[in-house]
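Q: Could we go through this model together? I would like to start with one residue and then move on to other topics.

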Amino acid sequence: MIHHPSEYIKVAHARLVRDQSAEAEKLGKLTPAQLELAYQQQWLRLLVPAAYGGAEKPLPGIVKIEEALSWADGSLGWVVTLCSGAGWFGGFISNQIAPEIFTNEKLCLAGSGASTGTATPYKNGYIINGTWKYASGVHHATHITVNCVVQNELANTQNPASETLISSFIIDRKDVKLLPGWKYMGMVATGSDAYSIKDVWVEENRRFKIDPSAAVIQHPLYQYPFYQLAEATLAANLSGMSVHFVDLCHDIFENRQKDKKAISVKNKLVMDEALQNQTASLNEARTAFFNTLSLSWGNAADENLLQKVSATSRQLAKASRQAVDHLYPYCGLMAAAPDTEINRVWRDLHTASQHSMLTF
């Protein structure tokens, strides 16, 4: 039996997050109250190494928490997932600088996976330049991560025709300029704006590689492959939003069905059957997903299991979209009103589900 996401978040916390959701949309970023709760609960440090005071929780438990947070509010869940996911980089960053970065109780790492910057070797370090977009949580960031093409450096020095090398770097927030960039209908409170860096020199130890062989912290969390970790955490976000939508349908359907002239007995049965079937389908996908993720934890070398994590992540994303799209027409105009909770959930899910990692 699969547990409802509400099992993994306190009632008072979920209420606070939701009470602030409309205000967060107006601000275009999380509210101070939402942020303070995230700091108190260490949600932004879920994957930070214990050596730096982080939670360093097992991955299946982390994903259940992230699903619960997205059930409470899509934007908050997304920011926590992306920024705490960047906190996972603490397992790979040089211990010469990691302690001063990751021990911050208000740590928040934001960044983009796009390789739209350059890193030019200079005096035992690199000069960073570039512009990146869609960095969720960037307005709350203490540090920014970037992917750069390393100039004059080949991936394989033995093969001059090989592709140029792409490396990751961690940059102080003070060296980054934020740019307006988020203009989409949903996930408004993630504040996923763009940023640029111009002629910023960083030391060599600011460069890091995301690979189990490059981990500086020896814990199973940092041996788990990045792609499956990313796929699983993003899929859980969509799942949480979809469960939220389905929950809201219960009250909306009940209220609409009170109008016997608008909703006949026959149509009531159609609505109830749709709600029951979509709930069952979504929970079936959630069950398969969480069971597979649990099996893969501690078996990161099992390629078959990892491929199943990828497959069930995509299946869960698809089931989440299908459940919401199937039920949406039965919700009436309330679901189309931009100032309603159910419309915000609909907008958030259909924006977040455009992420390319779970599209195909």
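Q: Is C148 buried or exposed?
A: C148 is buried (under 20% relative accessible area, where exposed is over 50% and partly exposed lies in between, with a 1.4 Å probe and protein chains only), and its relative accessible area is 0%. This is a predicted model, in which local features need pLDDT of at least 70 and side-chain atom pairs count only at pLDDT 80 or more, while totals for chains, interfaces and linings use all residues. Residues are numbered from 1 along each chain as its sequence is written, and side-chain values use heavy atoms, with hydrogens and water left out.

Q: How many disulfides are there in the whole structure?
A: The search finds zero disulfides, a disulfide being a pair of cysteine sulfur atoms within 2.5 Å. For C148, the nearest cysteine sulfur belongs to C83 and is 19 Å away.

Q: Changing topic, at what angle do helix 7 and helix 8 cross?
A: Helix 7 (residues 226-257) and helix 8 (residues 265-296) cross at roughly 160°, and their axes come within 11 Å. Helix 7 is therefore roughly antiparallel to helix 8, a term for angles over 145 degrees.

Q: Which residues make the contact?
A: Among them are C249, H250 and F253 of helix 7 and L282, R286 and F289 of helix 8, contact meaning heavy atoms within 4.5 Å.

Methods
Axes fitted to C-alpha atoms, helices over the stretch in contact; angles between N-to-C directions. Helix = DSSP H or I, 4+ residues; strand = E, 2+ residues; numbered from the N terminus. Parallel < 35°, antiparallel > 145°, perpendicular 65-115°, else oblique.
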